[in-house]
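Subject: Structure for your review

Dear colleague,

Please find below the structure that I am handing over to you. My notes on what was found in it follow directly after.

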Amino acid sequence: MTWIFENWERFWEVTEVHLRLSVVPVVIGFLLSIPLGWVASRSNTARAILFPLANILFTIPSIALIVITPVLIGVKILDEINVVVPLVIYTVALMVRSVADALSAVPGHVTAAANAMGFRPLRRFLTVDFPLALPVTIAGLRVATVSNISMVSVGALVGLGGYGQLFTEGYQTDHTDKVLAGLIGTIVLAALADGLLLLIGRLLTPWTRAGR
Amino acid sequence: MIEFRAVTKRFEDGTIAVDELDLTVEAGTITVFVGPSGCGKTTSLRMVNRMIDPTSGTILVDGKDVLTVDPPTLRRGIGYVIQQAGLFPHRTVLDNVATVPLLSGWDRRKARTRAAELLEIVGLDPAFGKRYPAQLSGGQQQRVGVARALAADPPVLLMDEPFSAVDPVVREDLQNELLRLQAELDKTIVFVTHDIDEALKLGERVAVFQTGGHLAQYARPTELLAAPANDFVASFVGRDRGYRTLTFLHADVPVHPITTAKLGQRITVTDWTLVVDDANRPKGWLSGVDGEVEISEQDLISGGSLYDGSTLRGALDAALSSPSALGVVVDDAGAVTGVVKADDVIKALAKARAAGEVPK
């Protein structure tokens, strides 16, 4: 524990990098999974392609994906994009199913009523379908966020920043305190992010708690 | 006015939902489409606001071919009420009602003011406006559904089995409310139901659909009961259609006096006695007991339906359902004014028939 306080500046620097490397992919992945999830909720064919594909992508070990990304997209091995791209893939793989299930669960009589009222498709999606899909979508987003925060550490194996650096350094120099600091950082960050999303979800969905 | 001209709907699997439908819904009336499931009544309704497009034929709303109007624009001008109300669970009741005005570009304040007015029109406390649909009962949700359909003041209202998911008591309330609203608003309403009683009660004109999408008969309720066009219609309107005809007859039935007594009173009961409360409202019957008794709640035999002076059907039912065979007549306040006998109802019916008031 004392390592954190004695090396506060370093710890803070690593935390910032870790946060950036986990949040950016979640945001990008989430935005990508909305149209993909929408397509999967509308078409059985799209669903039959996207869901198995998402499962396969999710089973690729993260270290393998991080090592192979620079080869595939042709960047230097030390670029942060090498972590961002794999994590975007994992986020999409997790979220596409959440978004699709959430949109499919919007009651048919509600969407029928919306059509009958004269909503055009985009407005209906933004003001009826998507808001109603939020509870399930946010639950999926919480899982994706926490799992990203945990996986960013793997980036240290190819020399990228984040708490993972504290693990590798601590391991190589037999410095348990440093490993523990990275572990605590990861857990606290994950808990905070999860709590924040929970709160945002509650603020956005007051109707789910309206009792009789 | 809504006109169906040779409208046919054939689905992709080849089933014919609506077969060459020719029908005119008069402006300012409630027209009911009734029939068993799969008869095309709902498909016909949904073709009016282009939720479904016909395979061939033309539908005109106030003279305009609906196929020439883009669906969202068309729908904003046609109110629509569905079975489970279809309210938006994530919006307050007020915002639900304000939906169409907002879609049509009204400013928010004007739309909400209009929505609050509508809640009152459909008989809901404006305080409900802040609640979410899940906080309302089924009947209240359905009222909100009607308010939402009326919000932009459309001349045409489509109602797709709107009351079939609520219990019978609430359903009757909602039906009466619709008739009251219609008397004020004078909309062109198309109402779909599978319930013939509902059709006969609400419809000024009733279209009976037959399996396969054929229109079997399109007539006033009384004509439907008196002269079904074919065996299908006859069986659909039911065996007791002679009895139902009484619903449409208003005639004077002699009201006889009845002995009444109050709880706790000591009386000698010789014949059927009606026990009433302090406001003279009926509580139950006392049959002929020997000697003097003190009337207590447990001696009472509960009564049948009450006759409020409306139709012959109510009078006959009151008499038939009463343990004393005497139908209790009540005034608007629910106070007893006398009793009617089944014999007198039958006589009144014979008189009405002789006078030519019963449709043949």
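Chain B of this predicted model is divided into domain 1, covering residues 2–238, and domain 2, covering residues 260–354. Taken over C-alpha atoms, the centres of these two domains of chain B are separated by 40 Å. Along the principal axes, the C-alpha atoms of chain B fill a box of roughly 80 × 50 × 35 Å. The secondary structure of chain B comes to 13 helices and 18 strands, and 41% of its 360 residues are buried. Among the contacts in chain B with a separation of 6 or more, 59% are between residues 24 or more positions apart.

The six-stranded sheet of chain B

One open sheet in chain B has six strands in the order β6-β7-β8-β3-β9-β10, and its pairing is mixed. Its edge strands are β6 (78–81) and β10 (214–219) of chain B, each of which pairs on one side only. From one strand to the next, the twist averages 15 degrees. Strand β6(B) pairs with β7 (residues 156–160) of chain B in the parallel sense, over four bridges. Within this pair, B:Tyr80 stands opposite B:Leu158 in β7(B).

Two helices that pack on this sheet deserve mention. Helix α1 (residues 41–48) of chain B touches β3 (30–34), β6, β7, β8 (188–193) and β9 (205–210) of chain B. The direction of α1 makes about 150 degrees with that of β8(B). Helix α6 (residues 138–150) of chain B touches β6 and β7 of chain B, and its direction makes about 170 degrees with that of β6(B).

Strand β13 (residues 273–276) of chain B runs antiparallel to β14(B), and four bridges join the two. B:Thr273 has B:Leu286 in β14(B) as its bridge partner.

Strands β17 (residues 326–330) and β18 (residues 336–341) of chain B are also antiparallel, joined by five bridges. One of the paired positions is B:Gly327, whose bridge partner in β18(B) is B:Val340. The hairpin of β17(B) and β18(B) has five residues between the strands, and B:Gly334 in this hairpin takes a positive phi near 90 degrees.

A glycine in a loop

B:Gly303 lies in the loop between β15 (292–294) and β16 (306–307) of chain B. Is B:Gly303 buried or exposed? B:Gly303 counts as buried, because it has 20 C-beta neighbours inside 10 Å, and the cut-off for a buried residue is 20 or more. Leaving aside neighbours within four places in sequence, B:Gly303 is in contact with B:Pro282, B:Gly284, B:Trp285, B:Ser322, B:Pro323 and B:Val328. Of these, B:Pro323 is 20 residues apart from B:Gly303 along the chain, with 6.3 Å between the two C-alpha atoms.

The contact between the chains

The contact takes 19 residues from chain B and 16 residues from chain A. On the side of chain B that touches chain A, the elements giving two or more residues are α2 (71–76) and α4 (99–103) of chain B. Helix α2(B) gives the most, with four residues. By type, the residues on this side of chain B divide into 10 nonpolar, seven polar and two charged.

A helix of chain A

Helix α9 (residues 176–204) of chain A has 29 residues, which should span 42 Å at 1.5 Å a residue. The end C-alpha atoms of α9(A) are 42 Å apart, which agrees with that expectation. The buried residues in α9(A) include A:Lys178, A:Ala181, A:Gly182, A:Gly185, A:Thr186, A:Leu189 and A:Ala193. In an α-helix, residues three or four places apart point the same way, because there are 3.6 residues a turn. What covers the buried residues of α9(A) includes α1 (2–6), α2 (8–42), α7 (121–151) and α8 (163–172) of chain A.

With kind regards

Notes. Residues are numbered from 1 along each chain as its sequence is written. Chains are lettered from A and ligands numbered from 1 in the order in which they are written. This is a predicted model: local features need pLDDT of at least 70, side-chain atom pairs count only at pLDDT 80 or more; totals for chains, interfaces and linings use all residues. Domain bounds come from an automatic or database domain assignment. Two residues are in contact if their C-beta atoms, placed from the backbone, lie within 7 Å. Ala, Val, Leu, Ile, Met, Phe, Trp, Tyr, Cys and Pro count as nonpolar, Asp, Glu, Lys and Arg as charged, and the others, Gly among them, as polar. Two strands pair if DSSP finds at least two bridges between them. Axes are lines fitted to C-alpha atoms, for helices over the stretch in contact, and angles run from 0 to 180 degrees between N-to-C directions. A residue is buried if 20 or more other C-beta atoms lie within 10 Å of its own, exposed if 12 or fewer, and partly exposed in between; C-beta atoms are placed from the backbone. The expected span of a helix is 1.5 Å times one less than its number of residues.
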